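Subject: Structure handover and notes

Hello,

Here is the structure you asked for, with the sequence alongside. My notes follow below it.

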Amino acid sequence: MNEQPLHHLDTLRARQPRFRGLESGHRACQGCGEALAARLTTEAAGPDVIVANATGCLEVFTTPWPQSAWRLPWIHSVFGNVAAVAAGMEAALKQQGRATQVLAFAGDGGTFDIGFQALSGMMERGHDVLFVCFDNEAYMNTGVQRSGSTPHAAMTTTSPPGELRMGKRHMKKDILSIIAAHHIPYAATASVAYPSDLRKKVRRAMDTEGASFLQIHSPCPLGWGHDGAKTIEVARLAVQTGLFPIIEMERGELIGTLPIREPRPVSDYLKLQNRFRHLFASDYRARKELEHLQAIANRNIERFELRGVGPESYDTEGADTVHRGGDRWA
Amino acid sequence: MALALEGSQALARTVALCRPQVVAAYPITPQTHIVEGIAKLVADGKLACEMVSVESEHSAASVALGAAVAGSRAYTASASQGILLMAEVLYDIAGLRIPLVMTCANRALSGPLNIWNDQQDSMSMRDSGWIQLYCATNQEAVDTTVQAFRIAERCELPVMVCVDGFTLTHTLEPLELPTAEQVDGFLPTYSFRHGLDPSDPRSLGTLVGPEHFTEVRHAHHQALMQAQAEIEQADADWAAVVGRHCGGLLEVRGDPDARLGILTLGSVLGTLEDAMDADPELPRARFIKLRSYRPFPAEALRKACEGLDHLIVLERALSPGSGGIVGPEVLTALVEMAEPPRVHNYAAGLGGRDLALDLYAKLTQAVLGAERPREFAIIDADLEMLPESDR
């Protein structure tokens with residue numbers, strides 16, 4: 001075979017996965033974690049799916065009429081009903097005897113907050129739907145307002161730091177524990193920084209009969225205040241610090257984690273982002289909040305036993321070694 | 001063969017005859033007997049259908065929406081607070097032009113809590129872009145439900161069949177149920193040309209900016225206006241099958257030569273007709289049964305009002321701070337007439353207050369001889385119950 005250089009267009013095309021559900025040309029910001037997560041998810045899911053999408057950035061930046069970046073059958077209804085729309089599609093396909101699978105896409109608002117009741121109902125009824133939460137930890141589409149997923153002490157436009165406040169007063173909702181309490185067949189977290197792990201989890205969820213749930217940590221350069229070129233680095237640090245544990249659950253029981261080879265201090269993660277800038281002021285309260293966030297990370301590491309026993313191919317340093325055309329991904 | 005059936009049971013069996021593949025519902029009085037009936041038919045293997053018992057009306061409408069776009073005939077039913085909770089989804093269903101049928105078992109809205117008949121719930125969805133058909137009897141509810149599926153699927157518009165709570169839903173009446181052959185012959189297999197399918201991926205419910213949104217709304221409005229012909233056609237075609245008609249857009253009954261008209265929506269018509277028939281001393285009236293409230297049949301209404309001196313618009317709902325809801329629309333439609341009748345607008349029977357036979361005399365006496373339209377009033381309000389300041 002005539003070897004062409006890697007950058008040659010035909011070579012790149014040939015090395016593409018066979019199917020792309022979300023095409024380029026959409027209007028996401030540079031470095032958008034959600035766009036990357038949606039592309040990885042739909043690549044792994046393949047073409048025989050129908051997607052229901054909650055209101056949010058993903059819906060807005062992919063479908064400015066008359067354009068659409070989707071190569072999948074796709075519907076957006078309203079903000080809080082994506083799990084129910086997906087449930088209805090699944091019920092219809094089941095009755096028709098069709099094997100097409102149903103995906104529900106939502107941001108953290110559409111998952112943790114306004115869409116939560118419909119999500120809980122869908123899981124309780126056991127619809128064969130994969131619900132994917134693109135978690136960027138605030139209402140980004142409306143201009144960065146705090147959500148139930150916003151981390152403690154983070155600055156958003158509705159949790160601003162000031163004389164009386166150090167950002168968000170409340171904790172990030174532990175959504176996966178709530179999902180686990182539904183005892184659905186499969187639930188997991190993933191991160192755009194670990195794409196092979198993410199893809200594997202999508203495929204596993206698709207192979208699972210019944211409701212499954214995937215929470216993908218997806219940095220938002222605009223809302224988090226970091227360089228768009230550092231999306232992967234920021235996402236990776238969230239995992240390496242223990243602030244965003246990568247775990248898998250079956251029927252609510254923990255079955256796997258991505259071990260942290262060498263935990264990094266949370267400040268390494270926080271200092272890259274403007275939303276935590278106020279925590280680095282010379283202020284007693286700022287120091288206490290930093291300690292608080294470090295304690296949260298430590299607690300996650302302890303709770304899920306995230307500390308690795310030594311270098312492994314599947315840990316926070318090894319798992320990114322995704323071979324794509326022979327080169328390292330990261 | 002006539003059967004003595006509770007309205008809800010008749011509706012459950014009629015919906016089943018229409019072969020929905022997905023039914024989604026959340027229980028609310030007085031809709032419950034309908035969905036319980038459907039659930040039992042599914043459980044007994046008499047209806048091949050996914051019965052999705054959801055956790056809210058918001059999800060009931062959403063499940064039906066999802067099922068319809070994924071290629072299945074879908075149905076839901078609700079009432080009152082349930083209609084309000086699903087409101088944003090109802091608007092979305094209509095705006096996306098998704099063919100669905102729902103029954104609204106008309107009930108008052110809170111607060112204060114009231115579970116009885118009142119049409120404020122469906123009236124609150126007047127501007128959602130759904131077709132709304134009001135039923136005067138349980139037989140009409142049965143026949144309208146079958147027609148609704150065909151209207152919805154031909155017009156690509158959702159249809160709300162409005163059935164008075166308790167007065168119809170919980171009342172036994174002798175009625176005829178159609179046969180499966182009759183329904184199958186009338187109602188083709190469900191198809192939705194904007195449905196979602198991986199073999200022809202399309203995006204539905206996209207973000208539409210100012211450069212296109214106006215035209216989307218215009219097209220939706222036109223679709224509703226044009227649905228008038230389909231509503232008439234469906235009624236005529238169904239009448240050819242079963243020998244019963246529901247009146248198309250509206251129906252003129254009573255004394256066609258009367259100079260006094262009374263326009264009603266829903267089941268109150270029977271009471272007024274009985275009252276007039278029972279007492280030959282009472283003034284005669286021409287009854288206008290408004291069946292299609294959306295689309296609003298202005299042309300048919302003008303024709304029905306020709307020769308009238310007075311028209312009473314009687315409503316079972318209220319727009320606080322204005323008065324009637326249907327009345328002002330009727331007035332607007334009749335302005336085009338060369339000699340329009342004087343329009344008198346009343347509400348009555350709110351929150352299930354019993355409408356007895358004496359209502360007819362009360363209404364006719366209030367307006368006959370009037371030189372000007374009477375001021376809007378809730379005609380059966382007992383002001384003695386209220387402090388002076390609230391009268």
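**Strand β4 of chain B**

B:Val22 stands opposite B:Ala74 in β4(B). Please keep in mind throughout that this is a predicted model. The pairing behind that position is between β2(B) and β4(B), which run parallel and are joined by two bridges. β4(B), residues 74-78, also pairs with β5(B), residues 101-106, again in the parallel sense, over four bridges. One of the positions there is B:Thr76, whose bridge partner in β5(B) is B:Met102.

How many of the five residues of β4(B) are buried? Five of the five are, and the strand is mostly covered. Both faces are covered: B:Ala74, B:Thr76 and B:Ser78 lie on one side, with B:Tyr75 and B:Ala77 on the other.

**Helix α1 of chain B and its two partners**

Helix α1(B), residues 7-17, packs against helix α7(B), residues 138-155, at an angle of about 20 degrees, with the axes 9 Å apart. Angles under 35 degrees count as roughly parallel, and α1(B) and α7(B) are therefore roughly parallel to each other. The crossing is right-handed. On the α1(B) side the residues are B:Gly7, B:Ala10, B:Leu11, B:Thr14 and B:Val15, and they meet B:Asn138, B:Ala141, B:Val142, B:Thr145 and B:Val146 of α7(B). By class, the residues of this contact are six nonpolar, four polar and no charged.

The other partner is helix α2(B), residues 32-43. Its axis and that of α1(B) come within 8 Å and cross at roughly 45 degrees, which makes α1(B) oblique to α2(B). The crossing of α1(B) and α2(B) is right-handed. From α1(B) the contact uses B:Ser8, B:Gln9, B:Leu11, B:Ala12, B:Arg13, B:Val15 and B:Ala16; from α2(B) it uses B:His33, B:Ile34, B:Gly37, B:Ile38 and B:Leu41. The classes in the contact of α1(B) with α2(B) are seven nonpolar, four polar and one charged.

**Where the chains meet**

In chain B, 37 residues are in contact with 40 residues of chain A. The elements of chain B that give two or more residues to this side are β2 (22-25), β3 (50-53), α3 (57-69), α5 (87-95) and β9 (203-204). Which of them gives the most? It is α3(B), with nine residues. The residues on the chain B side divide into 18 nonpolar, 13 polar and six charged.

Nine strands form an open sheet with mixed pairing, in the order β8(A)-β7(A)-β5(A)-β6(A)-β4(A)-β3(A)-β1(A)-β2(A)-β9(B). The edge strands, each pairing on one side only, are β8(A), residues 253-257, and β9(B). Helix α4(A), residues 82-96, packs on this sheet and touches β1, β2, β3 (101-107) and β4 (129-135) of chain A; its direction makes about 175 degrees with that of β3(A).

The link between the chains in this sheet is the pairing of β2(A), residues 74-76, with β9(B), which is parallel and has two bridges. Within it, A:Trp74 stands opposite B:Ser203.

A:Ile50 is found in strand β1(A), residues 49-53. Is A:Ile50 buried or exposed? The cut-off for buried is 20 or more other C-beta atoms within 10 Å; A:Ile50 has 29, so A:Ile50 is buried. Leaving aside neighbours within four places in sequence, A:Ile50 is in contact with A:Pro73, A:Met89, A:Thr100 and A:Val102, and with B:Ala70, B:Leu196 and B:Pro198.

**Helix α6 of chain A**

In helix α6(A), residues 116-125, the buried residues are A:Ala118, A:Leu119, A:Gly121, A:Met122, A:Met123 and A:Arg125. Their cover includes α4, α5 (108-113) and β4 of chain A, together with β3 and α3 of chain B. Just after α6(A), A:Gly126 takes a positive phi of about 70 degrees.

Regards

Methods: Residues are numbered from 1 along each chain as its sequence is written. Chains are lettered from A and ligands numbered from 1 in the order in which they are written. This is a predicted model: local features need pLDDT of at least 70, side-chain atom pairs count only at pLDDT 80 or more; totals for chains, interfaces and linings use all residues. Two residues are in contact if their C-beta atoms, placed from the backbone, lie within 7 Å. Ala, Val, Leu, Ile, Met, Phe, Trp, Tyr, Cys and Pro count as nonpolar, Asp, Glu, Lys and Arg as charged, and the others, Gly among them, as polar. Two strands pair if DSSP finds at least two bridges between them. A residue is buried if 20 or more other C-beta atoms lie within 10 Å of its own, exposed if 12 or fewer, and partly exposed in between; C-beta atoms are placed from the backbone. Axes are lines fitted to C-alpha atoms, for helices over the stretch in contact, and angles run from 0 to 180 degrees between N-to-C directions. Angles under 35 degrees count as roughly parallel, over 145 as roughly antiparallel, 65 to 115 as roughly perpendicular and the rest as oblique. A crossing is left-handed if the near helix is turned anticlockwise from the far one by less than a right angle, and right-handed if clockwise.
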